[in-house]
Amino acid sequence: MDTNTNMAAFFLEMFSYPFMQRAFVSGALLAVLLAALGVFVTVRKMAFFGDGIAHSSLAGIAVAMLAGLAPLPVALVWALFVALLIWRLERSTRLPSDTLIGVFFTASMALGVVLMSFSRGYQPELLSYLFGSILTIQSGDLLVTAALSLVIMGWLFLSFRSLTYMSLAEDSAAVAGTDVRSQTAALYVALALATVRGVKILGIILVSALIILPTAAGRMLAYSFRSYVIGSLFLSELMILSGLTVSYRFDLPSGATIVLVGAAIFFLAAAWKTMDGAFSVRAVGRQPR
Amino acid sequence: MPNSSSTTNNGRPSPEHEEHGHESHAHTRAHADILPAVSVRNLSVSFDRQKVVSDVSFEVPQGDILALLGPNGSGKTTLLRAMLGLIPYTGEVRIFGKHLHAVRELIAYVPQRFDFDRNFPITVREFMDLARHRHSPPGRVAVRLQDVGLAPEIQSARLGSLSGGQLQRVLIAQALINNPLVLFLDEPAANIDITGEATLTGLLEQLRDKTDVTIVMVSHDIAMVSGLVDKVLCLNGQMMCFGPPETALTEKSIKEIFGDRKRLFSHGHQH
């Protein structure tokens with residue numbers, strides 16, 4: 001009874017803070033969004049994409065800070081520009097996407113560092129973008145995230161089958177009538193928008209964990225594509241909501257705590273998969289000949 | 001089987017007989033008597049300003065099987081991919097007299113290679129469903145799997161657990177799921193063993209004999225296609241021969257395309 005009362009009191013206190021309410025709602029929305037997009041990132045073997053886009057956005061943030069503009073909208077535009085440039089160069093240069101992402105990741109990050117060197121003094125805001133800060137999430141941010149989630153999830157819902165088909169068998173999907181070119185561009189744009197929105201909570205350095213960790217863990221536990229998608233969304237919510245709770249309870253940095261919780265989920269899934277594999281091998285070994 | 005003359009493996013009419021006559025198919029069939037299923041005019045493909053397929057023209061009547069024959073690097077796959085609009089080309093490709101974009105629902109394609117992560121979690125049923133049109137009944141997945149000689153239970157298997165031959169048959173079943181009128185196959189026997197090849201040949205014979213689906217297939221195996229197809233198109237950058245295998249595959253034409261060695265495989269034709 002005491003334990004229950006204490007727990008209820010803890011949650012009541014945590015949710016009495018508007019910044020925590022905003023962090024939870026924003027986190028819950030981004031968890032669904034990034035995990036759903038992450039499924040296609042995994043199928044297309046582009047796990048590096050989120051990382052590349054997030055790090056590229058540093059240049060946009062630096063430009064905004066120097067010009068005295070709001071950093072996130074500028075970072076958003078910059079990320080969109082980079083995503084579309086990667087898409088365009090993929091087609092014209094025939095280089096693998098990971099190579100192009102690596103080019104833009106490093107070049108854009110370097111540009112950001114050089115631009116930052118022009119601004120004088122300590123930049124506390126910069127640190128919040130690098131490592132994330134739930135304190136910086138405002139009501140306006142929440143509305144933008146909600147609107148973006150609605151649009152992207154709506155598009156994903158409508159295009160889910162063709163996106164999956166083209167990610168697995170691009171030529172067959174194209175012959176069947178899927179506009180592979182536009183759908184790929186739309187996927188890159190959606191990923192860029194969602195990743196930059198996630199920067200507020202997890203920061204540039206860690207945001208790609210929301211794309212990779214739940215889908216990697218979900219994939220190890222899933223048998224079918226349906227269970228893979230549902231499992232990844234569930235694990236993503238579990239990762240971000242329990243991560244935020246733990247970070248509040250022990251006064252830890254939110255972004256890093258969420259990633260550590262996600263990593264714990266991943267290792268548990270890996271352990272389960274390893275044990276399951278070992279049991280399967282033994283069971284096969286015991287079968288009569 | 002994929003059209004209005006549809007039958008099951010037992011030769012009985014398919015229960016989905018009536019659904020084959022949807023509007024676009026019916027409309028196309030109305031023109032099928034007068035228009036060739038596939039018509040290619042002066043098709044050329046260039047990579048880096050070098051022509052790899054040069055000025056190819058031919059027609060395939062509905063219900064025929066055409067094999068694109070040639071050695072490696074002769075442009076067979078390039079020609080097929082151009083016909084499907086997957087790579088840029090000059091010239092004209094018409095399916096039942098229409099541009100490819102207007103007849104997407106009538107065609108299907110089985111690529112030569114299907115490279116996918118074998119550990120990826122997707123079942124056979126889910127994979128088949130990706131290609132199924134929304135107006136097609138879900139039960140057609142099992143029917144098409146049976147058509148290619150696979151048990152319906154395989155639907156719940158993971159795609160990555162299938163053997164090369166089973167996977168090839170699933171790819172063909174997936175291509176047939178919307179009852180295409182023209183089927184494009186790129187080296188369908190490339191990744192399967194001799195038993196699988198015999199099953200594949202049997203399946204293509206069944207499609208030829210019991211349906212009026214038109215098949216355009218790429219192959220480098222004269223022995224496999226010569227008893228199966230209605231026409232062959234020999235390619236070596238440009239069209240070297242075209243016509244029924246009996247007349248087109250002469251000793252001279254085979255030698256021109258493949259060199260002397262291929263004579264060993266040209267089993268039993270009167271050249």
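## Where the two chains meet

Let's start at the interface: 27 residues of chain B are in contact with 21 residues of chain A, where contact means heavy atoms within 4.5 Å. This is a predicted model, in which local features need pLDDT of at least 70, side-chain atom pairs count only at pLDDT 80 or more, and totals for chains, interfaces and linings use all residues. Residues are numbered from 1 along each chain as its sequence is written, chains are lettered from A in the order in which they are written, and side-chain values use heavy atoms, with hydrogens and water left out.

Chain B and chain A bury about 2200 Å² between them, with 59% of it on carbon and sulfur atoms. Buried area here is the accessible area (1.4 Å probe) that two parts lose on being put together, summed over both. On the chain B side, B:Phe120, B:Pro121 and B:Leu130 lose the most area to chain A, together making up 29% of what that side buries.

Between chain B and chain A, 2 salt bridges are found; a salt bridge is a side-chain nitrogen of Lys or Arg within 4 Å of a carboxyl oxygen of Asp or Glu. B:Asp117 forms a salt bridge with A:Arg219, and their closest N and O atoms are 2.3 Å apart.

Which elements give two or more residues to the side of chain B that touches chain A? They are strand 5 (107-110) and helix 3 (124-131) of chain B, both taken from DSSP runs numbered from the N terminus (helices: H or I, at least four residues; strands: E, at least two). Helix 3 of chain B gives the most, with 5 residues. The residues on this side divide into 14 nonpolar, 5 polar and 8 charged; Ala, Val, Leu, Ile, Met, Phe, Trp, Tyr, Cys and Pro count as nonpolar, Asp, Glu, Lys and Arg as charged, and the others, Gly among them, as polar.

## A salt bridge inside chain A

Over all chains, the count comes to 11 salt bridges. In one of them, A:Asp141 pairs with A:Arg197, the closest N and O atoms being 3.7 Å apart. This pair links distant parts of the chain: A:Asp141 lies in helix 7 (residues 139-168) of chain A and A:Arg197 in helix 9 (residues 180-206) of chain A, 56 residues apart.
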